[in-house]
Protein chains: 2
Amino acid sequence: MSHRVTDGLGHEEMDVINVSSSRRNSENLPYVHKVGVPPKQNLLKEIAGTVKETFFADDPLRHFKDQPRSRKFVLGLQAVFPILEWGRHYSLSKFKGDFIAGLTIASLCIPQDIGYAKLANMEPQYGLYSSFVPPLVYAFMGSSRDIAIGPVAVVSLLLGSLLQDEIDSSDNPVDYRRLAFTATFFAGITQVTLGFFRLGFLIDFLSHAAIVGFMAGAAITIALQQLKSLLGIKKFTKNTDIVSVMRSVWSSVHHGWNWQTILIGMSFLAFLLAAKYIVKKNKKLFWVPAIAPLISVILSTFIVYITHADKHGVQIVKHIRKGINPPSVNEIFFSGEYLGKGFRIGVVAGMIALTEAVAIGRTFASMKDYQLDGNKEMVALGTMNIVGSMTSCYVATGSFSRSAVNYMAGCHTAVSNIVMSCVVLVTLELIIPLFKYTPNAILASIIISAVIGLIDIEAVTLIWKIDKFDFVACMGAFFGVVFSSVEIGLLIAVSISFAKILLQVTRPRTAILGKLPRTTVYRNILQYPEATKVPGILIVRVDSAIYFSNSNYVKERILRWLADEEEQLKENSQRRIQYLIVEMSPVTDIDTSGIHALEELFRSLEKRDVKLVLANPGPVVVDKLHASKFPEMIGEDRIYLTVADAVLTCSPKMELEP
Amino acid sequence: MSHRVTDGLGHEEMDVINVSSSRRNSENLPYVHKVGVPPKQNLLKEIAGTVKETFFADDPLRHFKDQPRSRKFVLGLQAVFPILEWGRHYSLSKFKGDFIAGLTIASLCIPQDIGYAKLANMEPQYGLYSSFVPPLVYAFMGSSRDIAIGPVAVVSLLLGSLLQDEIDSSDNPVDYRRLAFTATFFAGITQVTLGFFRLGFLIDFLSHAAIVGFMAGAAITIALQQLKSLLGIKKFTKNTDIVSVMRSVWSSVHHGWNWQTILIGMSFLAFLLAAKYIVKKNKKLFWVPAIAPLISVILSTFIVYITHADKHGVQIVKHIRKGINPPSVNEIFFSGEYLGKGFRIGVVAGMIALTEAVAIGRTFASMKDYQLDGNKEMVALGTMNIVGSMTSCYVATGSFSRSAVNYMAGCHTAVSNIVMSCVVLVTLELIIPLFKYTPNAILASIIISAVIGLIDIEAVTLIWKIDKFDFVACMGAFFGVVFSSVEIGLLIAVSISFAKILLQVTRPRTAILGKLPRTTVYRNILQYPEATKVPGILIVRVDSAIYFSNSNYVKERILRWLADEEEQLKENSQRRIQYLIVEMSPVTDIDTSGIHALEELFRSLEKRDVKLVLANPGPVVVDKLHASKFPEMIGEDRIYLTVADAVLTCSPKMELEP
């Protein structure tokens with residue numbers, strides 16, 4: 001029986017030939033491989049290994065290895081400013097693509113920015129400011145080639161709603177704006193910190209399903225907010241939940257709605273949606289929905305200007321400041337009660353902005369197949385927001401819709417962001433006064449048509465099909481946002497994500513295995529009705545690492561399988577269980593609590609005269625079992641390489657017993 | 001190739017005979033088992049199954065099945081009051097054991113109670129009150145046969161330190177006491193709630209290692225606190241950290257110490273420790289350390305009384321109220337600012353008390369091999385504390401040291417608690433005035449000798465050997481308690497426990513597999529240096545369920561394995577990788593994010609002209625893969641039962657390619 005596990009072994013696909021031959025040839029041992037002992041590492045190396053896998057899983061310094069110092073310096077500089085690397089291979093043909101893409105996303109972002117600024121309760125020009133400085137900074141430091149930087153709907157809504165809770169934007173616009181810059185500053189600090197300390201994996205704790213629900217809920221909320229401008233309602237609730245908004249809309253139905261506004265808004269909304277529809281039919285027409293917003297703005301502004309519709313209750317943008325970003329360093333609260341509030345809001349907004357930007361970055365990186373260092377991205381995004389907070393910008397990040405347009409328009413590098421930035425600069429300096437007569441209803445239509453894309457019905461259907469718990473997380477976040485507020489929705493999303501992780505480690509699956517006829521393969525008997533139990537032996541598989549969070553459950557679950565089985569056997573007066581085999585292939589790790597649970601299981605079984613047998617524990621587990629002298633406790637010959645092997649050895653022994 | 005996974009399958013130990021025979025006999029198929037499809041459950045059943053495994057894992061209602069209604073009522077009553085069940089089989093012989101055990105634990109608990117009450121900053125009689133009512137309630141409702149109920153050191157210290165943060169016990173003893181009862185009430189409510197809603201598994205989130213460290217730290221802290229009484233120091237710090245305490249002790253070395261106190265205290269401490277040492281040599285003498293404290297109290301009281309040592313600076317208990325528990329319902333804060341504080345303190349103290357009681361209950365249940373329903377226990381413990389809070393008791397729970405004595409003294413049922421309770425009653429009514437001259441130093445010695453048992457060096461050594469991360473958790477909790485405070489230590493313990501769970505799901509292990517010569521077994525090449533890689537094929541094993549928290553890491557890790565491998569091959573100008581086989585045996589589950597990661601992996605590989613092949617995914621995984629149409633995406637024939645099978649099919653195909 002040379003195949004018994006005595007030192008440590010990996011996962012097995014063991015087979016009859018192998019077992020039987022090693023059995024037959026136990027004297028001259030032709031096929032026998034000693035169970036491998038992983039080379040013992042010293043403690044420091046072990047810890048270093050864990051730290052490396054946790055924080056430096058992507059091995060960011062591997063290019064630096066074995067390089068002269070001067071080269072290291074250049075590489076370091078290139079790591080911080082990737083533009084130094086890709087800039088050297090930049091060509092005119094690439095610029096052509098970037099130029100067209102940049103113009104396209106600029107035409108899309110200008111009207112969106114003005115609308116998003118309103119979502120954040122800021123004056124329109126702040127949206128444009130945020131599309132000028134941050135993309136420039138990102139172009140130098142970022143490593144994504146397709147992301148389009150600027151204000152986005154969800155972050156604007158979240159920021160606006162968090163800030164509004166602290167300061168009323170209409171009562172005290174100056175302090176409100178200052179708090180916005182403070183929050184933006186700390187959002188940047190948060191992002192840089194996460195990136196620098198390589199804690200980027202923290203954003204992975206927000207599950208995909210929760211994000212889908214949260215985004216869809218935010219889209220609905222944002223769209224509902226637009227009803228104010230779209231219907232020309234003057235008195236509108238400050239709450240964002242659907243009940244308050246619908247009540248607001250309903251109560252103003254008789255005297256508050258303005259038909260001219262509705263006419264303009266609805267016709268352009270129809271136009272924008274039609275443009276979106278076209279691109280679904282023909283992907284090459286991606287530029288139609290991309291420039292449709294700007295066309296709407298120009299057309300509607302012109303119409304309002306010549307018809308004097310603003311005199312008939314059609315609300316227009318009115319004042320919008322000309323010129324580029326004024327400095328705002330001195331507006332950031334670096335002390336006082338707003339420091340803490342700004343910090344808190346900044347952390348939340350910064351994390352959500354990161355989640356969106358990183359998701360976009362990863363998506364396009366995988367589509368064009370280049371590697372993206374998430375932590376480096378975070379440093380770039382953070383720096384951009386810190387600089388932004390000092391130049392009158394609020395939190396900017398990567399926009400889903402504009403990045404997609406950027407990609408489809410054939411961008412090659414972040415130069416498209418520079419082009420966009422230049423167009424925004426020209427707009428701010430020259431064209432902005434023309435936006436005076438732009439009706440708010442048009443901005444509302446543009447926002448609605450933009451956020452509709454955030455509702456991903458297809459993804460929700462897939463989530464429903466694949467994982468019901470994910471669906472609950474998704475719906476929880478969705479309804480939280482829609483019926484309560486963005487913050488509550490976010491809280492629900494995070495809590496459910498964590499609950500899922502905790503549940504997953506608390507209640508691992510277990511299964512009873514049976515032997516498939518004419519094979520030595522043991523399978524879950526619920527899955528394979530033809531699998532038969534071996535008389536006198538109960539085989540249980542544990543489907544997870546055994547940790548303190550589940551060790552007690554695993555122990556009690558196994559004992560309950562045994563009790564159920566024995567009850568059944570008693571009824572049929574069959575042979576009683578003499579061996580309990582625990583198949584441990586999926587048990588990849590175990591901790592002290594887990595070993596205690598195994599010891600308790602062993603003692604409980606001993607009292608019932610049932611022998612505990614382990615099959616195929618992994619290398620880490622075997623290592624730890626030996627450290628705790630568990631094999632000595634249950635008997636060294638009670639740990640087998642495979643279930644088949646264990647059954648083969650137990651069965652004949654059993655015959656001898658009464 | 002009928003062995004390919006097409007629907008869903010369990011874990012495999014696949015073998016050559018099986019593979020090759022199925023291969024050979026693909027026409028008449030003698031050995032072929034179709035891969036089993038687990039019976040499709042409808043949604044409601046699936047959810048019900050999950051809820052059952054999560055909250056009713058122990059199937060508490062199974063005895064109620066198929067019983068007449070009257071029988072169900074009796075069973076229900078017995079479930080709430082287990083005494084109705086075991087009481088019917090109670091016998092005189094059992095009572096003999098219980099009587100002796102009860103007397104033993106009573107003699108141990110009386111001096112301990114007086115000392116523990118001081119730890120909680122309460123007057124001595126409250127400790128005794130808490131050893132009178134709660135054990136009685138527990139005896140009727142609890143299902144553990146060995147646990148000894150009463151105040152315990154750690155909970156007393158924790159409660160005292162949390163309460164002291166809110167109200168100063170010397171300035172305002174009445175409100176302090178009222179807050180203590182309020183906290184006790186809510187501790188009970190917390191325990192009942194957790195039990196009733198079957199959330200008992202929540203206490204499993206405090207890892208064994210963290211508890212070991214926390215207990216040891218608390219023991220040190222408690223022992224340090226006793227230096228005040230043991231050295232006869234009058235001015236003593238209110239902080240519990242080692243630095244403050246040692247500074248207090250040191251600053252009073254010249255004028256604050258009292259040699260008579262030290263003489264009495266130290267000699268009896270030596271006696272108590274000697275008694276503890278004896279039992280280590282001979283287990284039968286367990287009664288020596290059990291009655292040693294009472295003997296010390298009697299002797300020292302007598303000595304002080306006849307020598308008038310109290311006139312020479314030896315501090316004595318002085319006032320201690322005679323008579324049983326006065327009612328305290330009207331003292332509980334049901335409104336006002338202290339309601340919230342009491343609630344918060346109660347939740348924390350209640351959880352820690354539960355952790356201790358449940359650990360004790362489980363330990364002895366597994367030693368005597370009876371089942372313990374954790375959630376029912378919680379209801380019993382909670383009820384006992386609610387009743388206690390109304391009868392002048394503070395939080396009681398199971399005591400490690402007294403339960404061990406109870407067990408060794410041969411208790412059979414909870415009747416030993418009733419006996420102890422009666423002895424305490426007699427003490428309160430008759431003997432208590434005699435404790436007036438008991439020196440505080442003796443109580444301090446008794447506490448020190450009791451808490452020393454909480455420092456489990458052996459467990460710490462084992463933790464160090466088995467799991468370094470557990471050791472960090474253990475030390476974190478330990479140093480947190482010793483150098484800061486009980487609350488901080490507890491916070492560290494909980495945080496590290498959670499961090500461990502999160503880390504475990506974020507960074508699963510992966511390994512490169514190689515073929516063991518002359519077998520079809522594929523193993524980790526780091527563990528088995530003799531294992532050889534198959535040319536042109538890279539085999540990677542993922543050692544965990546793939547969830548949103550690790551999906552991205554898994555994907556990038558696999559791509560990095562591939563990049564490293566290809567770099568190496570290029571250097572040696574060997575054949576490039578054409579197939580990437582992902583061994584999925586340990587992947588027990590996958591969620592939407594996980595499937596997205598696989599899809600992204602597939603696309604990335606496609607761009608590099610590497611084919612993705614999966615080996616042996618579990619039933620749940622196969623189910624979800626099919627729901628997401630993943631097999632259609634990568635090709636139905638790219639999912640194999642085993643790595644060996646996959647390699648066998650890929651290798652010949654590869655030969656044909658250039």
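Reader: Which rotation superposes chain A on chain B?

Author: Copies are superposed by least squares on the C-alpha atoms of residues with pLDDT of at least 70 in both. Here a rotation of 180 degrees, with 0.0 Å of shift along its axis, superposes chain A on chain B (RMSD 0.0 Å). That is therefore the relation of a two-fold axis. The model is predicted: local features need pLDDT of at least 70, side-chain atom pairs count only at pLDDT 80 or more, and totals for chains, interfaces and linings use all residues. Residues are numbered from 1 along each chain as its sequence is written, and chains are lettered from A and ligands numbered from 1 in the order in which they are written.

Reader: How is chain A divided into domains?

Author: Domain bounds come from an automatic or database domain assignment. Chain A has domain 1 (43-80), domain 2 (85-502) and domain 3 (508-656). The C-alpha centres of domain 2 and domain 3 of chain A lie 55 Å apart.

Reader: Which residues of H15(B) and H16(B) meet?

Author: Helices are DSSP runs (H or I, at least four residues), numbered from the N terminus. Leu354(B), Ala357(B), Val358(B) and Gly361(B) in H15(B) meet Gly374(B), Glu377(B), Met378(B) and Leu381(B) in H16(B).

Note on methods:
Two residues are in contact if their C-beta atoms, placed from the backbone, lie within 7 Å. Helices (H or I, at least four residues) and strands (E, at least two) are DSSP runs, numbered from the N terminus.
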